[in-house]
Every structure is written in structure tokens, then in C-alpha cells.
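The text below walks through a metal site and a set of paired strands. Please keep the sequence and the 3D view side by side while reading.

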Amino acid sequence: MVGTASSILQFKLDLRDLIIRRCRFEDIGGVIYVNRKTLPENYNEYLFLSMYRIFGDIFYVAIDRNTGRVIGYCMNKMEENTKSFFSRGVVTKGHVFSLGVLKEYRRRGIATALLALSMDKMYRKGCSEIFLEVRVSNKPAQKLYYKFNYRVVARVPRYYADGEDAYIMATLREDSEDIVKHVIEKISEMGVVVD
Ligand code: ACO
Ligand code: ZN
């Protein structure tokens, strides 16, 4: 089933008191903090810094205006000349590498906003599909991805360090672009995005 722009209206977007923008150098410490709080996949500082250096234009953060602290992030990369999940060809893929929102800020649409901005930028930079890995047990995250029309394209046994399997979920530009645009419109109406 392919979602439509109207199905996205089910997304909550309560982005009051937030700044959502591209990651800056001085945000990296905050991103690392959120990563450690939200996910068992904790990369070293060097990984975050190199992602920032190489893919800083597709790296987004959410900041609480009241405290100035990073409370969510979506870190992404682009992979050129790689095998398509949907056709025989070779394509440029966007890769949602790591996404997290602090517990006390969840269910307000922050991940929705971070993901939409990331996907929009990756499509504008030439990606024809976007993919990610997610724990098979992580139903909340999978639900978010389904809303953007991602589907499970593979299961990778023992992908994670603790032995859990991963689903690879992917979406084609033509299947998710309208939804992404719709969310971006809503976000800009709220006046929160500073790119
Ligand atoms: N239970 C059920 N559905 C959920 C849940 C949940 N706990 N959380 C999100 N969803 C679904 C819902 O459909 C939700 O819409 P609704 O609130 O209108 O019902 C929709 O996703 C959008 O939710 P958002 O509010 O945009 O998401 P949030 O800002 O709460 O962040 C996230 C979601 C990132 C998964 C957060 O729960 C988190 O940080 N979890 C721990 C880290 C994690 O799992 N990250 C993703 C790993 S995969 C990867 O990084 C590529
Ligand atoms: Zn990945």
C-alpha cells in the first residue's frame, strides 16, 4: 500500500519551542549525548565528526529553544554507484544512518520532522532511493518509517552486536516524495526550520 499526502495528516507536529536545523560543529557533543541516551549503537566521536565533515549538509538536529540543548538528531550519508533495492540498476542511495529523540520529547513529531528534512535534502542531492537498518524488535521506529512508505526489503541475521537481526527498510523517491514535501510544508508553516 502506498501512502498519500493526506495520510500524513495523521502525523502529530507539535514543534513549539524547538529549532530544527542543520547540525553545526558545536552541536556534535549534544548529538553524541542523545545517541548514548537513545540507542545501543554508540559510535566514537571520530565517526560523528567525519559524518559531519563529509555529510554535514544532510545532518539535522532538533534543539530545545529554552535550554539550547540538542534533543534529537538525524545523521545520514549518501552512497553512490550502489545496487538498487528496487531494480537491476546501480543508483545513488540515501542512508539514514542514525536517528534519535530524547525520551521526554517523543511523540511530538520531532523524528518525523528530522526525517522529512533529511529525506528532502537527499532527494534534492540526487538520491533515487533511501534506506536504513532497524532492529526487528523496534516497532515504534518501523511505524514511523512505514508512514514515509518505507518497506522491508531484506532481513540481515545477527546484524547488531547483541545478535539481534535487522530489517533493511527502503523507499523510492516517487513513493515518498509527496509525503516528505507535505511534512516540510507543515513544518515551514510553523516557522521552525532554519536551514
Ligand atoms: N509506539 C508506536 N508508534 C510510534 C512510537 C511508539 N513509541 N513512536 C513513534 N511512533 C510512530 C507513530 O506512528 C508516530 O505518530 P503518532 O505519534 O502520531 O502516533 C510516528 O511514529 C511519528 O512519531 P514522532 O513523534 O515523529 O517520533 P519521535 O520524535 O517520538 O521519535 C524515535 C521516534 C526516533 C523512533 C524515538 O522513539 C527514538 O529515539 N527511539 C530510540 C532510538 C531509535 O529507535 N532510533 C531509530 C533506530 S533506526 C535508525 O536509526 C536508522
Ligand atoms: Zn545503516
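A residue is called buried at under 20% relative accessible area, exposed at over 50%, and partly exposed in between, with a 1.4 Å probe and protein chains only. Helices (H or I, at least four residues) and strands (E, at least two) are DSSP runs, numbered from the N terminus. This is a predicted model, in which local features need pLDDT of at least 70 and side-chain atom pairs count only at pLDDT 80 or more, while totals for chains, interfaces and linings use all residues. Residues are numbered from 1 along each chain as its sequence is written, chains are lettered from A and ligands numbered from 1 in the order in which they are written, and side-chain values use heavy atoms, without hydrogens and water.

Strand E2 covers residues 60-64, and five of its five residues are buried. Tyr60, Ala62 and Asp64 point one way from E2, and Val61 and Ile63 point the other way. In a regular strand the side chains alternate between the two faces of the sheet.

Two strands pair if DSSP finds at least two bridges between them. E2 pairs in the antiparallel sense with strand E1 (residues 18-22) over five bridges, and with strand E3 (residues 70-83) over four bridges, also antiparallel. Ile63 is the bridge partner of Ile19 and of Val70 in E3. E2 and E3 form a hairpin with five residues between them, and Gly68 in the turn has a positive phi of about 75°.

The zinc ion (ligand 2) is coordinated by His95 (NE2) and Glu133 (OE) at 1.8 to 2.0 Å. Donors are N, O and S atoms within 2.8 Å of the metal (3.2 Å for Na, K and Ca); water is not among the atoms, so sites may look incomplete. His95 lies in strand E4 (residues 90-101) and Glu133 in strand E5 (residues 129-135), 38 residues apart, so the pair links distant parts of the chain. His95 counts as buried because its relative accessibility is 7%.
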